[in-house]
2 protein chains.
Amino acid sequence: MEVEPIGIIWSPFKEPKNTPIQPVFAEDTEGTVEVFAPFRDGLQDLDGFDRIWLIYLLHRASKVQMLVTPFRDTCVRGVFATRAPCHPNAIGMSAVRIVKVENGRIQVAGIDVLDGTPLLDIKPYNPAFDSFPDSRAGWYDLNREDRTHADDRFEVKKRDS
Amino acid sequence: MEVEPIGIIWSPFKEPKNTPIQPVFAEDTEGTVEVFAPFRDGLQDLDGFDRIWLIYLLHRASKVQMLVTPFRDTCVRGVFATRAPCHPNAIGMSAVRIVKVENGRIQVAGIDVLDGTPLLDIKPYNPAFDSFPDSRAGWYDLNREDRTHADDRFEVKKRDS
């Protein structure tokens, strides 16, 4: 099945290295979600939400790997138990804060993606559907590594599959 | 860009009509996530998590529409401010509970997808990244329509784009 970008995400991060690994580690860093003209009518009513999910292509993810040492741990884990970029379908998701919606562009805060990232979808963040504060989080709960920004371990130069 | 299914989601729901519209409305309904053999090593370490995100194709979504009347409201909204299936890239996401992980199959509870849904990705649910309980949710917060299960408004027979 084909997916087609519906827009582009612009951010201050030009390289994987030192890019925040999640919106919670990006703090107030702002970015812009540019939505292509045919899709702009679909942005109506977004301004009543504090957050949106951005669904996007991890266009510079390294090769697919089933076992990875994630940024927040010191040992190897199954890739589906991590948010590492090298999943078989390199689709990323980030819950970012809306700052402003105007003229087909969404100003967002807490951006954790690379500049020029292809946007696939936007969904509203609804805590009734998305928020489970007491959910156990496996190896993350062990807090063995406090890294908040990427290094080069999953960089595109290594992608060969 | 091409995406390829990495598995199939099996559920009790054969038709869009009367399928729960979100996991929170599916209660304890169980389903099975079958992961194809080449990807099974990536399931290691999932059993420490209460929930996972399933990312999947909404393979029976109706035609793309920029304005829709969502199941939980009585008037038209921009499609990106809704979780309706008719987004330009028909990618769904659901936070479901893990019951058991065994032999490349994940037994899950709170399943809200159609039987035979193509699976694209699995990510661990981590409240530190995903849980924002106080996030304002726009028109959802008005509680104008209490529908919890789908009707036929977004059914595939209408898909023609």
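Author: What follows is a set of questions and answers on this predicted model, covering a strand, some charged pairs and a surface patch.

Reader: How many of the residues of strand β3 of chain A are buried?

Author: In a regular strand the side chains alternate between the two faces of the sheet. On one side of β3(A) lie Arg51(A), Trp53(A), Ile55(A) and Leu57(A), on the other Ile52(A), Leu54(A) and Tyr56(A), and both faces are covered. The strand, which spans residues 51–57, is thus mostly covered, and the count of its buried residues is 7 of 7.

Reader: Which residue in β6(A) is the bridge partner of Ile55(A)?

Author: β3(A) pairs in the antiparallel sense with strand β6 of chain A, residues 91–102, over 7 bridges. Within this pairing, the partner of Ile55(A) is Met93(A).

Reader: And which residue in β8(A) is the bridge partner of Trp53(A)?

Author: Strand β8 of chain A, residues 117–124, also pairs with β3(A) in the antiparallel sense, here over 5 bridges. In β8(A), the residue bridged to Trp53(A) is Lys123(A).

Reader: How many residues apart in sequence are the parts tied together by Arg97(A) and Asp28(A)?

Author: Side chains of opposite charge can pair when their charged atoms come close. Arg97(A) and Asp28(A) form a salt bridge, with their closest N and O atoms 2.9 Å apart. Because Arg97(A) lies in strand β6 of chain A and Asp28(A) in the loop between β1 (7–10) and β2 (30–35) of that chain, the pair ties together parts whose separation in sequence is 69 residues.

Reader: In the salt bridge of Asp146(B) with Arg72(B), which residue counts as buried?

Author: The closest N and O atoms of Asp146(B) and Arg72(B) are 3.3 Å apart. The pair links distant parts of chain B, with Asp146(B) in the segment after α1 (127–130) and Arg72(B) in the loop between β4 (67–68) and β5 (77–78), 74 residues apart. Asp146(B) has a relative accessible area of 62% and is therefore exposed. Buried means under 20%, and at 15% relative accessibility the residue that counts as buried is Arg72(B).

Reader: What is the relative accessible area of Glu4(B)?

Author: Glu4(B) lies in the segment before β1 (7–10) of chain B. Together with Glu2(A), Glu4(A) and Glu2(B), Glu4(B) forms a negative surface patch. Exposed means over 50%, and Glu4(B) is exposed because its relative accessible area is 51%.

Terms used. Residues are numbered from 1 along each chain as its sequence is written. Chains are lettered from A and ligands numbered from 1 in the order in which they are written. This is a predicted model: local features need pLDDT of at least 70, side-chain atom pairs count only at pLDDT 80 or more; totals for chains, interfaces and linings use all residues. Side-chain values use heavy atoms; hydrogens and water are left out. Patches are made of residues with over 30% relative accessible area and no salt bridge: like charges are joined within 9 Å, nonpolar side chains (Val, Leu, Ile, Met, Phe, Trp, Tyr) within 5 Å. Accessible areas come from the Shrake-Rupley method with a 1.4 Å probe; for residues, only the protein chains shown count as cover. A salt bridge is a side-chain nitrogen of Lys or Arg within 4 Å of a carboxyl oxygen of Asp or Glu. Lys and Arg count as positive and Asp and Glu as negative; His and the chain ends are not counted. The place of a charge is taken as NZ of Lys, CZ of Arg, CG of Asp or CD of Glu. Helices (H or I, at least four residues) and strands (E, at least two) are DSSP runs, numbered from the N terminus. Buried means under 20% relative accessible area, exposed over 50%, partly exposed in between (1.4 Å probe, protein chains only). Two strands pair if DSSP finds at least two bridges between them.
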